[in-house]
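Subject: Structure handover

Hello,

Here is the structure, followed by notes on what was found in it.

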Amino acid sequence: MKFNLIFSIAKSLLLARWKQTMVAAIGVAFSITMFVTLLGFMNGLNELLDGLIINRTPHVRLYNEVLPSAKQPVDQASPYKEGYNFVSSVKPKSELLNLRNSEAIISALRKDKRVLGVAPKIAAQVFFNVGEVDLTGVINGIDVEEENRLFAFKDYVTTGNFIDLQNVPNSIILGKALADKMLVNVDDVIQITTSKGDRVQLKVVGFFQSGLTELDKTQSYASLQTTQKVIGMPNNYITDLQIKLNDILKAPAISKEYHKTFEVEAIDINTANAQFDTGSSVRSLISYAVGITLLIVAGFGIYNILNMMIYEKMDSIAILKATGFSGKDVNRIFVTIALSIGLVGGLVGLIFGLLVSYGIDNIPFVTEALPTVKTYPISYNPKYYMIGFVFSIFTTYFAGYFPAKKASKIDPVIIIRGK
């Protein structure tokens, strides 16, 4: 009963100065709208950029790196075993870049329940022959179906069909920037020179765009069998194993485990993209900071409005206290006013934030660098809406608490005597 009375009085005070109440509610609603829209847009952009990297990056990559021998022959000679031997101009070991026992490693990985899939790969350095000019490039030999399943390969093939790599012998898919540089079209035949000096002709069956122009100027894709044939290697020649995990957060630990188990080099996605992750974190931090600043500014507006309301309603507060209302009751009345503004403004802000985000999400965004993107990116993560609403209540509560505390200490005798 007492709560109903307090709420009724708070409602009367709100409606008595409805213009100021509306201004305060609009301030909260605008802040929440901008908070939700800003976070949705910024994190949508982060997800888009992350997708360009993460979709095409394995969680763990196994490879063989050619390094100088850890122990030189002089260290193993009995007269010099106990001494410090200094060897200058140490050359790398003479060995191939392929992974030894790759078939056994693939079999073991596919039995690991933590592994979603394994896509073998060959990275081969070649020269693309364009008249008298040779362009440096890389042919990535891939298992076409696994590459598409794990890394959405077909989403980046903008011309042609990705499966033609598997179905058409001696075929290749070129980066769009490289194809434009070479002035070739689909179904054209190009000539390449391998690092051994062999010349091979391949049929162009498509173009792809990764979203990174500099990468597209050098990269191309062919099937594993075609690449092995081009560089003159046997069917078991594999230079990389690209691993997708069920839980990306376990990548660093699993990478170290595989390095010890298979005695190969291993790198996890966090290490490979450390600078990119830092950029995403900074962008998110900026968007949170701007959104919270908007809410705090709205809170100061509510604080000023309630302060003015208390000053103008001194008589009403004195009468309430004279008729039996305690200081705590008066405090509750003004806190209820503040929370009502925060609740209504917050809900309206969430609705408008969703509508504005939806509007941005439907604005066409066409760029040759990002062929898979058709509209501006927006994230509709419920977390942002929940944070915005909770923070609106939190901000308005403290914006009303201090004026309410001031109102609860008013002495009715002094106010009435002054009148």
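The side chains of Lys 176 and Asp 180 form a salt bridge, with N and O 3.0 Å apart; the term means a side-chain nitrogen of Lys or Arg within 4 Å of a carboxyl oxygen of Asp or Glu. Both residues sit in helix α7 (residues 176–182), 4 residues apart, so about one helical turn separates them. Helices (H or I, at least four residues) and strands (E, at least two) are DSSP runs, numbered from the N terminus. Asp 180 is partly exposed at 44% relative accessibility, and Lys 176 is partly exposed at 25%. Here buried means under 20% relative accessible area, exposed over 50%, and partly exposed in between (1.4 Å probe, protein chains only).

On provenance: this is a predicted model, in which local features need pLDDT of at least 70 and side-chain atom pairs count only at pLDDT 80 or more, while totals for chains, interfaces and linings use all residues. Residues are numbered from 1 along each chain as its sequence is written, and side-chain values use heavy atoms, with hydrogens and water left out.

The structure holds 5 salt bridges in total. Another one is in helix α5 (residues 144–151), where Glu 146 and Arg 149 are 3 residues apart, about one helical turn. Their closest N and O atoms are 3.1 Å apart. Glu 146 is buried, at 16% relative accessibility, whereas Arg 149 is partly exposed at 48%. As background, an α-helix has 3.6 residues a turn, so residues three or four places apart point the same way.

A further salt bridge joins Glu 257 to Arg 114, at 2.9 Å from N to O. Glu 257 belongs to helix α10 (residues 251–262) and Arg 114 to the loop between α4 (102–111) and β2 (115–130), so this pair ties together parts 143 residues apart in sequence. Glu 257 has a relative accessible area of 34% and is partly exposed; Arg 114 is also partly exposed, at 28%. Through shared partners, salt bridges link Asp 112, Arg 114 and Glu 257 into one network.

Lastly, helix α4. Its buried residues are Ser 102, Ile 105, Ile 106 and Leu 109. They lie on the same side of α4, because they cover an arc of only 100° around the axis, taken from the directions from the helix axis to the C-beta atoms. Glu 103 and Lys 111 are exposed on the other side. The buried residues of α4 pack against β1 (60–63), β2, β9 (240–245) and α10, with contact meaning heavy atoms within 4.5 Å.

Regards
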